[in-house]
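Work through the exercises below with the model open. Try each task before you read its solution.

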Amino acid sequence: MRAAITLTPAEQGAVDTALTTTRAVRKRLDLERPVDPALVEAALQVAHQGPSGGGEEPVRWIVVTDPQVRRRVGESYREAYAQLDQEREAPTGPGAAGITKIRGSSAYLATVMTSVPVQVLACTVAPAPTTGLGAETAKFYASIYPAVWSLQVALRARGLGSCLTTIGLRRSAELAAAVNLPPGWTCCALLPVAHVTGDDLGPAPRRPLNEVTTWI
Ligand SMILES: Cc1cc2nc3c(=O)[nH]c(=O)nc-3n(C[C@H](O)[C@H](O)[C@H](O)COP(=O)(O)O)c2cc1C
């Protein structure tokens, strides 16, 4: 469907609402309510419009609904999270309370990753970067994460919550084995997907925009 260059105020409002209220949903993932695959498919259609470097379209999605595969993926995630939790120090300083809160929520997600009705793995067939930082690495990751964010926003618009996770990639070989990842593919994110409990979602506290923006 083609759309006018300038959206109507109502359309702008809807886009802004979706973009500003798409949260990392963990504790409010509804583990009991089934998810209609058609909703996930529709959101993937939206995400499929995401950009990629050189228009190469390296993104591949693996949607896991099979209970046994979900369990393997979830257990691998839980172990990766436990390992990370052992390695890292308790947060200190002014942002410590916020980080502690996020860690509590992340710890919860690690315990329920096996039970979320849908897990989406965002994968890429692009060759993995051989240099550390720089254009090659930027292209690799930036060719997939915009689509991941589009997916999250499109899911949110349909009443579904998700959370971009990368901690599970610490055990990428185990993850690959769990989903039979084809050779040459790289998994870049694991998203739990479920209906959201409660009535609404709102914007998150963020630093003031002028603290993080420079106009020249
Ligand atoms: C690159 C990236 C990796 C992330 N990895 C994880 C993860 O492994 N586990 C997790 O629970 N959340 C993960 N998150 C979610 C962040 O913690 C979340 O986006 C952040 O807390 C902001 O959430 P909010 O938009 O709801 O405020 C990740 C987010 C990003 C952008």
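**Exercise 1.** Which residue in β4 is the bridge partner of V120?

Solution. Go to β4. The bridge partner of V120 there is L191. Now widen the view: β2 (residues 118–124) and β4 (residues 186–195) run antiparallel and are joined by 7 bridges. Strands here are DSSP runs (E, at least two residues), and helices are runs of H or I with at least four, numbered from the N terminus. Two strands pair if DSSP finds at least two bridges between them.

The model is predicted: local features need pLDDT of at least 70, side-chain atom pairs count only at pLDDT 80 or more, and totals for chains, interfaces and linings use all residues. Numbering starts from 1 along each chain as its sequence is written.

**Exercise 2.** In what order do the 4 strands form the open sheet? Why is one side of β1 and of β3 left without a neighbour?

Solution. The order is β1-β2-β4-β3, with antiparallel pairing. β1 (59–64) and β3 (160–162) stand at the edges; each has a single partner strand, so one side of each lacks a neighbour in the sheet.

**Exercise 3.** Is A126 buried or exposed?

Solution. First, locate A126: the loop between β2 and α5 (135–142). Next, count: 23 other C-beta atoms lie within 10 Å, so A126 is buried. The cut-offs are 20 or more for buried, 12 or fewer for exposed, and partly exposed in between, with C-beta atoms placed from the backbone.
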